[in-house]
Amino acid sequence: MLGLSAYPALFLSALGAATLLPLQSEAVLVTLLLAGEHPAWALLLVATLGNVLGSWINWLLGRSIEHYRHQRWFPVSPARLQQAQAWYARYGRWSLLLSWMPVIGDPLTLVAGVMRERLWTFLIIVTLAKAGRYMVLAALTLAWP
C-alpha cells in the first residue's frame, strides 16, 4: 500500500467495516501507521471519514428498512426489531458512543435510523466515537505519551 493508493484502501476498508460487512479497518490503519509513509493525522482523518460514511449508510438503511419488516426476506424477526427499538428508546442517542464497538456498533447505527435519530446529532456522536477509537489505536500503535 504505497503512495496515494493507501488512502483509498484505508477509506474503503473503513467504510466497509462500518457497514455489516466483515472488514477490519483497524488492521489496515495499523499497517499504514507502522509503515510511516503517511502523516498519522491524514490516516486518522481518512479512516474516520470512511467509517462515519459507512455508519451513515446504515442510518439511511434504518430509515427505510422498517417499511419492509412484514416481508418474508426481512433479516430480523419482529421480536428482535422491537427489542432493539426498546433498547435504543431506553438508552437514547448517547448509546451511539458505542458505535465503534465490534458486533453491536453497526446494528446500533442501523437502529438509530429506524428510531429516526436526527442526522446531525447522529453524525456528531458517531464521529466522536469513531475518531476516538482510531486515535486510541494510533496512540497505542505509535506509543504516543
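Predicted model: local features only at pLDDT ≥ 70, side-chain atom pairs only at ≥ 80, totals over all residues.
## Basis of the model

Local features require pLDDT of at least 70 and side-chain atom pairs pLDDT 80 or more, whereas totals for chains, interfaces and linings use all residues. Residues are numbered from 1 along each chain as its sequence is written, and side-chain values use heavy atoms, without hydrogens and water.

## Packing of helix 2 and helix 6

Helices are DSSP runs (H or I, at least four residues) numbered from the N terminus. Helix 2 (residues 25–35) packs against helix 6 (residues 119–142) at an angle of about 40°, and their axes are 10 Å apart. Axes are lines fitted to C-alpha atoms over the stretch in contact, and angles run from 0 to 180 degrees between N-to-C directions.

Contact means heavy atoms within 4.5 Å. Helix 2 contributes Ser25, Glu26, Leu29, Val30, Leu33 and Leu34, and helix 6 contributes Arg133, Tyr134, Leu137, Ala138, Thr141 and Leu142.

## The nonpolar cores

A nonpolar core is a set of buried Ala, Val, Leu, Ile, Met, Phe, Trp, Tyr and Cys residues joined through side-chain atoms within 4.5 Å, where buried means under 20% relative accessible area (1.4 Å probe, protein chains only). The largest core has 15 residues; Leu10, Leu29, Leu32, Leu33, Leu43, Leu44 and Tyr134 touch the most other members. Helix 1 (6–18), helix 2, helix 3 (40–65) and helix 6 each supply at least two residues, and helix 3 gives the most, with five.

A second, separate core of 11 residues includes Leu108, Val111, Phe122 and Leu123.

Definitions and conventions
Buried < 20%, exposed > 50% of the residue type's maximum accessible area, 1.4 Å probe, protein only.
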